[in-house]
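Subject: Structure for your review

Dear colleague,

Please find below the structure that I am handing over to you. My notes on it follow directly after.

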Amino acid sequence: MAEKVILVKFGEIAMRGDNQYIFINRLIQAIRRNIDPVGNYYVVREPGRLIVEDRGGEMDYDLVMPRIEPIFGLVAVCPGIRLEEISMAAIKTESLAYMQEMYGDKPMTFKVNARRSNKNFATPSMEICADVGEYILDHMPNMKVDVKNPDVILYVEVRNRIYLYSKIIKTYGGLPYGSSGKGISLLSGGIDSPVATWMMAKRGVEVEGVYFHSPPYTSEWAKQKVIDLAKRIADFTGEFKLHVVPFTDLQLYLLENVPHDKLTIHLKRAMMRAAETIAEQEGAMSLITGESVGQVASQTMQGIYAINAVCKMPVLRPLAGMDKQEIIDIGTKIGTYEISIRPYEDCCTIFVAKHPQVKPRLNVIEKIEQKLTDLDKYLEEAIANREIIEL
Ligand code: ATP
Ligand code: MG
């Protein structure tokens with residue numbers, strides 16, 4: 001007799017000494033949060049593994065696996081079975097039953113990979129491999145052994161209980177969400193910033209989003225897109241707080257009072273300042289942007305320098321060294337790209353300079369800003385009037 005379970009492997013955090021306990025608890029919490037709504041499950045802790053069992057009947061892999069896969073800090077999830085009995089005889093008969101059920105009579109090659117962490121179990125792993133391999137060969141004429149490049153590897157793990165599996169679904173890695181402090185992400189409806197947000201979340205940073213909305217120059221569609229992107233990120237993080245900051249008045253003020261070719265730099269600096277204030281209010285210690293060096297005019301080194309100088313918090317730019325295609329590939333994999341490229345009409349491009357300055361000088365920018373006596377007031381108003389959406 002065997003019972004369907006899911007084996008969950010975690011990597012990096014296993015090396016983190018004293019923190020390991022906290023990290024594993026976070027993983028268990030994240031798993032429970034994702035699967036508790038759909039059934040009666042139990043998560044068992046084993047050295048180096050978590051085992052998810054179904055207390056309500058037979059495990060439905062298709063239901064449960066997709067809910068565990070997005071969790072950060074996991075290396076792989078494996079649909080497998082747990083044996084009732086702890087004996088060589090059980091390993092052999094259940095391995096055969098498992099292989100027959102999974103692979104039927106298709107001609108294929110296989111090998112057995114056994115690990116025995118329970119040294120009370122008498123048979124050493126090499127011997128388990130040989131015995132099980134031979135037993136399968138004897139009973140499944142369609143199977144051949146290939147130790148170098150097999151179609152299937154049957155894993156046998158002898159722990160307090162015995163587990164069998166042959167599918168390892170790699171997950172995203174990273175660190176448990178929330179284990180690396182908090183950051184405020186400047187989230188636009190574009191391709192880059194959702195990817196940047198996801199990447200920092202993957203490193204365990206608790207993220208909140210800030211979106212600067214300028215109706216009627218930016219449309220409700222654009223805002224909806226950001227909300228949908230935030231929702232998608234919440235599929236990974238479990239929750240997501242989005243601050244929608246009304247920026248129209250501030251933007252119009254800048255439009256009237258700064259040289260047109262420097263508008264973008266001033267606007268980005270205003271965004272950073274607003275984001276930093278929100279970060280302070282929310283107990284965050286970093287900002288996150290989707291900037292990538294050289295991608296557009298405001299992302300030259302001079303541009304980044306001039307934008308960065310306005311805030312004291314570290315600005316995390318996980319895409320800084322990535323090509324557009326690499327960013328698109330990640331966005332596609334995590335399901336943000338298809339939302340980002342959704343077309344929408346913004347009614348006006350008055351804020352976009354035809355020839356933005358590519359090499360702004362910080363001292364010039366600062367001199368202009370000193371004369372913007374109402375800027376602080378506009379910033380305060382925008383922050384105070386923000387809408388907070390919890391996803
Ligand atoms: P994205 O694809 O993320 O929109 P982008 O290639 O359009 O980036 P920029 O317009 O230069 O690049 O913006 C750089 C970064 O500034 C963005 O990645 C994002 O973090 C932030 N940003 C830009 N516009 C907004 C906005 N309206 N609200 C919030 N953040 C923004
Ligand atoms: Mg953009």
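In these notes, two residues are in contact when heavy atoms lie within 4.5 Å. This is a predicted model, in which local features need pLDDT of at least 70 and side-chain atom pairs count only at pLDDT 80 or more, while totals for chains, interfaces and linings use all residues. Residues are numbered from 1 along each chain as its sequence is written, chains are lettered from A and ligands numbered from 1 in the order in which they are written, and side-chain values use heavy atoms, with hydrogens and water left out.

Overall form

The protein contains 13 helices and 15 strands; these are DSSP runs numbered from the N terminus, with helices being H or I of at least four residues and strands E of at least two. Its C-alpha trace spans about 85 × 35 × 35 Å along the principal axes. The radius of gyration is 27 Å, whereas a compact globule of 391 residues would have one near 21 Å. That radius is taken over C-alpha atoms, and the globule rule is 2.2 Å times the number of residues to the power 0.38.

Of the 391 residues, 53% count as buried, meaning under 20% relative accessible area with a 1.4 Å probe and protein chains only (exposed is over 50%, partly exposed in between). Among contacts with a separation of 6 or more, 79% are between residues 24 or more positions apart.

Nonpolar cores

In soluble globular proteins, nonpolar side chains tend to be buried together. A nonpolar core here is a set of buried Ala, Val, Leu, Ile, Met, Phe, Trp, Tyr and Cys residues joined through side-chain atoms within 4.5 Å. The largest such core has 54 residues, and those with the most contacts inside it are I6, V52, I68, I91, M99 and V156. Helix 3 (residues 88-103) supplies the largest share of this core, 7 residues. A second, separate core of 39 residues includes Y253, L254, A275 and I368.

Leaving aside neighbours within four places in sequence, V156 is in contact with I91, V112, N113, A114, R115, I128, I162, Y163 and L164.

F10 is found in strand 1 (residues 2-10) and is buried, with a relative accessible area of 7%. Not counting residues up to four places away in sequence, F10 touches I24, L27, G48, R49, L50, G73, L74 and V75. F10 and L50 are 40 residues apart in sequence, and their C-alpha atoms are 8.3 Å apart in space.

L74 lies in strand 4 (residues 74-83). L74 counts as buried because its relative accessible area is 0%. Beyond residues up to four places away in sequence, L74 touches V8, K9, F10, L27, I68, T171, Y172 and G173. L74 and M88 are 14 residues apart along the chain, with 31 Å between their C-alpha atoms.

P70 sits in the loop between helix 2 (61-68) and strand 4. P70 is also buried, with a relative accessible area of 15%. Neighbours within four places in sequence aside, P70 is in contact with Y172, D235 and F236. The C-alpha atoms of P70 and Y172 are separated by 7.0 Å, although the two residues are 102 apart along the chain.

A cis peptide bond

Finally, the peptide bond from P215 to P216 is cis, with omega near 0 degrees. P216 is placed in the loop between strand 11 (206-213) and helix 6 (220-237).

With kind regards
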